[in-house]
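Dear colleague,

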Amino acid sequence: MFNTYRRGLFITAFLAAPVTLYLVYVISPYIQAFYIAMTDWRGVSATPNFVGLDNFVRLFADGVFWKAVTHNAALLVLLPLITIVIALFFAFLLNVGSGGRGVGGVPGSKFYRVVFFFPQVLAVTVVAVLFQQVFRPDDSGMLNAPLMALGLGPVSFLSDPGIAFWSVLGVMVWQAVGFYVVLFSAGLASIPRDMFEAASIDGAGRVSLFFRITLPLLWDTVQVAWVYLGILALDVFAIVWVMTDQQGGPDYSTTVMATEIYRNAFEYFRFGYASALGVVMFFFTIGFAILSLRLSRRERIEY
Amino acid sequence: MTTMTSWTVANSRKAARQERRRRLGPLATLTHLALLLWTVLTVVPILWTFLASVKSEDEIFGDAWSLPATPRWDNFARAWDQVNIGQYFVNSVIVVAFSVAGTMLLGAMAAYVLARYPFRGNRAVYLLFVSGLAFPVYLALTPLFFVVQNMGSVPLIGPFIGLNTHAGLVLVYIAYSMPFTVFFLAAFFRTLPTAVGEAAMVDGASHTRVFFQIMLPMARPGLISITIFNVLGQWNQYQLPLVLLQERDKWVLTQGIADISTAAGYDADWAALFAALTLAILPMLIVYTVFQRQIQSGLTMGALK
């Protein structure tokens, strides 16, 4: 009897603080957000009125919102695709691509793995400011100086609405690749080496070694990478907010859902509208999560 | 075991290298070219920033690839004092130190109880934590701002945990780090053997004592990797402080750095700004290079769970 009491006391004592913090700072704001999304709350002192789904109706008629959604959708497709292709290529080269029997990485693979990971440990804001300087539109910019010397520039990486989005995508890929090289390398290391040896003894070249052995055995890890990069693409904020002209510009050509939520809430003080945007973003994220769980049900290869 | 494998790997690498030289000369060169290209792409922007941090204002606005006539180390002194990077840096260190410590303590406590003590509602509490993984933080931003503002009017402790306080930010960081920490550590605690703890209980140790003296030490590898994950995540956090810390002297490093680009006009001290950027990058790269093995395995272990 006393033991059951002590056990209950222990459970309560250990869960009290984490659960309370979590309810106050995480769960309660999320629940409130769904209500605020149905009000016309504007400004810190104003009183909110219930307006039903008005915010959502306005949202779907808002061109900027659709631009933001389009950019998130484009990132959702392109960021995982490009990052995974590049990372797989390098992970393969570093671990099995040394030719010969097809086993073992190239010399210096440890060095490359350390260096490729550098961008990952830098804060996104630091990367954003750094590339703002790299992308400068005249010959004081790191990229434009050589381009202009070759007679190709200057390229308006951030001020041309047709180019700015690709600059954002480029920086995101630049930062992400290293992590996935390491992730895929870890996956490759767990594949028994005799697989590669057997295949290359049977005469498999590098290309078929990659598509017939590496990719199928790494498929689980690739799926994890896909989900992570997809969430990164849906959640992108700091790169756009800090690096681009007019925080999502020029002319909203780089804006994403997160920047529009922040802009509406903390610059225009349209709390209701911003929350409605947040609710839409929530459903996109959940939708993506469910979709990727569904698609990832594929037979596992046991080894 | 590890030395065995690394020895074999080293040997097979050596063999492979000789084999490669013999048969695949040109292809191997291409491989190296591809790897070197990405190395250059990674390193050059960073090195270019370091170089610009010792240039004068005129040199920064001149040709991007010119070397400074004389290195201007005083840029760093101005970055530290006038751009306030020193202050932001200290703020970041304080916030992350307390919030990671809090995250690990509370996260481990919750994860342990949820992983090891079946009780009614266990599953529900666990799912409540884990569901947080699927919510975009942007949905919560507006209400969170008002939650923290209201915290400021709680009697006694209010002034310490309201808006523009570091303790307030620490509590928010802890709460938002819970989903992944609990998810990861609960999975980890489930894999640990139960026998040691049970033996200690028979000998009269309390639940609390078993947790702190037996289970935590056993969970060390998991704790280390999730600590690294949280340190990096919270150090690099920008969105939450942007909303919750609006007074300049409270800012964390990411806010200070981001401000370089948004607030800097033509009269800004660009040389000091590059120095500030360097000061934000360099410590991270040094710490990473020293602990790269742990950091890489910590982060990938977290991702693959």
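Which residues have the most contacts inside the largest nonpolar core? Please keep in mind that this is a predicted model. The core in question has 180 residues, and those with the most contacts inside it are Ile239(A), Ala276(B) and Leu277(B). Its largest share, 17 residues, comes from helix H9 of chain B, which covers residues 166–191. Domain 1 (20–78) and domain 2 (84–263) of chain B both give residues to this core, so it lies between them.

Helix H9(B) can then be followed along its length: its 26 residues reach 36 Å from the first C-alpha to the last, which is close to the 38 Å expected at 1.5 Å a residue. At Met178(B) the helix H9(B) bends by about 45 degrees, and a proline, Pro179(B), follows within four residues. H9(B) is also mostly covered, since 22 of its 26 residues are buried.

Turning to how the two chains meet, 83 residues of chain A are in contact with 82 residues of chain B. On the side of chain A that touches chain B, the largest share, 20 residues, comes from helix H1 (residues 2–36) of chain A, and the residues of that side divide into 62 nonpolar, 16 polar and five charged.

With best wishes

Methods:
Residues are numbered from 1 along each chain as its sequence is written. Chains are lettered from A and ligands numbered from 1 in the order in which they are written. This is a predicted model: local features need pLDDT of at least 70, side-chain atom pairs count only at pLDDT 80 or more; totals for chains, interfaces and linings use all residues. Two residues are in contact if their C-beta atoms, placed from the backbone, lie within 7 Å. Helices (H or I, at least four residues) and strands (E, at least two) are DSSP runs, numbered from the N terminus. Ala, Val, Leu, Ile, Met, Phe, Trp, Tyr, Cys and Pro count as nonpolar, Asp, Glu, Lys and Arg as charged, and the others, Gly among them, as polar. A nonpolar core is a set of buried Ala, Val, Leu, Ile, Met, Phe, Trp, Tyr and Cys residues joined through C-beta atoms within 7 Å. A residue is buried if 20 or more other C-beta atoms lie within 10 Å of its own, exposed if 12 or fewer, and partly exposed in between; C-beta atoms are placed from the backbone. Domain bounds come from an automatic or database domain assignment. The expected span of a helix is 1.5 Å times one less than its number of residues. The bend at a residue is the angle between axes fitted to the seven residues ending there and the seven starting there.
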